[in-house]
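Thank you all for coming. Please take a moment with the sequence and the structure on the screen, and then I will walk you through them.

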Amino acid sequence: MTFPASFRNTLLLISLALFGLTSAQSADWPRPLTDSHGTQTLEHKPLRIVSTSVTLTGSLLAIDAPVIASGATTPNNRVADDQGFLRQWGEVARQRKLARLYIGEPSAEAIAAQMPDLILISANGGDSALALYDQLSPIAPTLVINYDDKSWQQLLTQLGTVTGNEKQAAARIAEFDKQLAALKEHMKRPPQPVSALVYTAAAHSANLWTPESAQGKLLQQLGFTLAPLPAGLHTSQSQGKRHDIIQLGGESLATGLNGQSLFLFAGDKKDADAIYANPLLAHLPAVQNKQVYALGTETFRLDYYSAMLVLKRLEAMFG
């Protein structure tokens, strides 16, 4: 059967409307995107994004990207809610009916069942599904994102480009920058330099945030100086080569925590008290002078939501 041209044109217009490809949007697409696997082309603005990385998901939600499902971590742990989503954006995920793909171990079947038109993978970290790249890339365009070598603002900007939500990304960053500038102008900083870390009392260990980490970059934006590591310090990188953390344990723990003040990310008062109670850390200046500051359990990963919480807590401490 041959349809008249007018009917075919109507069908075309309906299709474009369904896919959200207005004339203004289609001018920006197709769009080439490059990652560690090369360059690929997104034919249209994505409408069904699957995030295999719980770290990336918060930034996608912050820019109103159409993320429909996400990998998760262990529910109800120190950083996650009952869904296994990070606490700082868990309620936003609930409101937007974000589906949980799996807990921990990635599943190509669960991802495929969501019928995504874009799949995002983190390049490293505990939430990386990089091992499944060859299984996932035939399902939909699959992009590998590095988050361990950039600020959360740089990550947000990158994801804005990937999703076509550049304006939303810029607006979120501008909102944060305004509050940061106001806080930086009048805050009274504690003794410098500082060490930023995640402390695990049970394992007598810590992950120290480097100047390349999102946490380190945020503190430096606020005018803090990060303490350099002592020369020859023995550290571990059991999570692979990462730019954002240095693992401290055993004798290196006390040696590596050489800041005059300690900032605990992914920690609360209980974690600060555990540092004060550790006899092997009792000689540290930050411990002796009671300059250990907990920034909240929602700050394990920095995104728009947790970065705003950090500003709020620093305002309360030093504003």
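**Overall picture and helix α8**

The chain has 13 helices and 12 strands, where helices (H or I, at least four residues) and strands (E, at least two) are DSSP runs, numbered from the N terminus. This is a predicted model, in which local features need pLDDT of at least 70 and side-chain atom pairs count only at pLDDT 80 or more, while totals for chains, interfaces and linings use all residues. Residues are numbered from 1 along each chain as its sequence is written, and side-chain values use heavy atoms, with hydrogens and water left out.

Of the 319 residues in the chain, 49% are buried, meaning under 20% relative accessible area, whereas exposed means over 50% and partly exposed lies in between (1.4 Å probe, protein chains only).

Let me turn to one helix. The 21 residues of α8, residues 166–186, should span 30 Å at 1.5 Å a residue, and the end C-alpha atoms are 31 Å apart, which agrees; the expected span is 1.5 Å times one less than the number of residues. Which residues of α8 are buried? They are Ala 169, Ile 173, Phe 176, Leu 180 and Leu 183. Seen down the axis of α8, these buried residues fall within an arc of 90 degrees, so they line one face of the helix, the arc being that of the directions from the helix axis to the C-beta atoms. On the face turned away from that buried side, α8 carries the exposed residues Lys 167, Lys 178 and Glu 185. The buried residues of α8 pack against α7 (152–163), α9 (214–221) and α13 (304–318), with contact meaning heavy atoms within 4.5 Å.
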